[in-house]
Amino acid sequence: MSLSHNDHLLDPKIDFVFKKIFTAHPDALVHLINDLRPDLPVITQITILNPEITAKDLTGKNIVMDLLAEDSEGEQYNIEMQVRNYNDWNKRGIYYLAQMLASQLQAGESYANLKGAVGIHLLDFDLFKETQQQKQQALWRFEMRDGLQPKVKLGEDLQLNIIEMKKADRLGLGSQAIRDWITLFEHWKEEDKMSVITNPAVQQVRGYIRELSADEKARQLAEARAKAIRDEASLIEDALKKGRQEGISIGEVKGEAQTLLKLIKLKFGQHPEWVESRLNEATKDQLDVWVGKILTAATLDELLTD
């Protein structure tokens with residue numbers, strides 16, 4: 001393993017770095033999408049729909065900084081790099097994908113105008129590991145298909161692609177192009193592994209990582225983003241641990257409400273009076289749902305809805 005002069009390179013799995021690179025170089029995003037979905041028609045052009053990165057995006061309140069794009073045929077994409085397996089992240093992914101589909105039409109427009117909404121989630125952890133078959137698969141595509149006859153499907157309007165990168169890297173899964181991209185994301189500093197990659201798009205992106213890593217301001221923002229995500233996760237984990245140590249049982253409604261209120265204060269700071277009333281009136285099932293959403297919810301309204 002050769003690192004040496006590559007030690008300074010920013011981690012492309014930091015969502016700020018990932019978004020910064022592919023926003024600045026949409027041609028590279030075209031190659032990434034095509035290589036991750038090799039059996040589908042290629043796309044030739046992509047437009048980034050949310051290129052801006054605000055100070056609020058860097059605070060860590062948003063668990064994932066996603067990338068929204070649209071190809072020349074009007075198909076829309078939600079591309080995410082995820083380094084931690086947060087509670088209910090899959091529900092969040094489905095929710096935003098459905099939201100992307102629903103937001104396409106204005107009042108009175110025909111459903112025939114709907115274009116596909118495609119999610120591409122690059123995961124830096126093993127998601128499916130219960131059965132032997134799941135342990136041997138790392139590339140997944142979820143669509144609306146019949147349970148008994150999976151060849152029968154309701155079009156391709158909703159599609160969620162998941163790549164378990166560590167598993168694919170460990171087992172050598174996927175096409176050569178997919179393995180090249182995974183090598184980049186998992187071993188970007190290792191010259192011996194990167195030097196044998198002949199995929200020009202992957203090598204170009206590595207060059208972009210070098211350029212971004214040489215930008216002192218970008219380095220500071222990337223480090224701030226990485227720290228914010230670590231701090232956010234640590235605060236929530238510490239609050240849960242402290243709550244249990246104080247004898248606040250998650251299985252007791254009152255105790256769970258108190259624990260959730262602590263988490264809300266840590267994440268959102270000051271909160272309106274209705275929040276405590278809502279928690280005190282909630283059932284155990286409602287509280288269980290909200291605890292599961294605390295990491296992914298961007299607002300109190302989004303959190304405290306069933």
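Predicted model: local features only at pLDDT ≥ 70, side-chain atom pairs only at ≥ 80, totals over all residues.
View B. Stepping back, you get an open sheet of 6 strands with mixed pairing, running in the order 1-2-3-4-6-5. Strand 1 (46–48) and strand 5 (139–143) are at the edges with a single partner strand each, so one side of each has no neighbour in the sheet. From one strand to the next, the twist averages 20°.

**View C. Helix 2 on the sheet.** Helix 2 covers residues 26–36 and packs on the sheet. It touches strand 1, strand 2 (67–71), strand 3 (76–82), strand 4 (117–123) and strand 6. Compare its direction with that of strand 1 and you get an angle of about 120°.

**View D. Helix 1 crossing helix 8.** Here helix 1 (residues 15–24) meets helix 8 (residues 200–213): their axes come within 10 Å and cross at roughly 115°. Angles of 65 to 115 degrees count as roughly perpendicular, and helix 1 and helix 8 are therefore described that way. Their crossing is right-handed.

**View E. Who touches whom between helix 1 and helix 8.** Helix 1 brings Val17, Lys20, Ile21 and Phe22 to the contact, while helix 8 brings Val205, Tyr208, Ile209 and Leu212. Sorted by class, that makes 7 nonpolar, no polar and 1 charged residues.

Key
Residues numbered from 1 in each chain as written. Heavy atoms only, no water. Pairing = 2+ DSSP bridges. Helix = DSSP H or I, 4+ residues; strand = E, 2+ residues; numbered from the N terminus. Axes fitted to C-alpha atoms, helices over the stretch in contact; angles between N-to-C directions. Contact = heavy atoms within 4.5 Å. Parallel < 35°, antiparallel > 145°, perpendicular 65-115°, else oblique. Left-handed = near helix turned anticlockwise from the far one by under 90°. Nonpolar A, V, L, I, M, F, W, Y, C, P; charged D, E, K, R; others polar.
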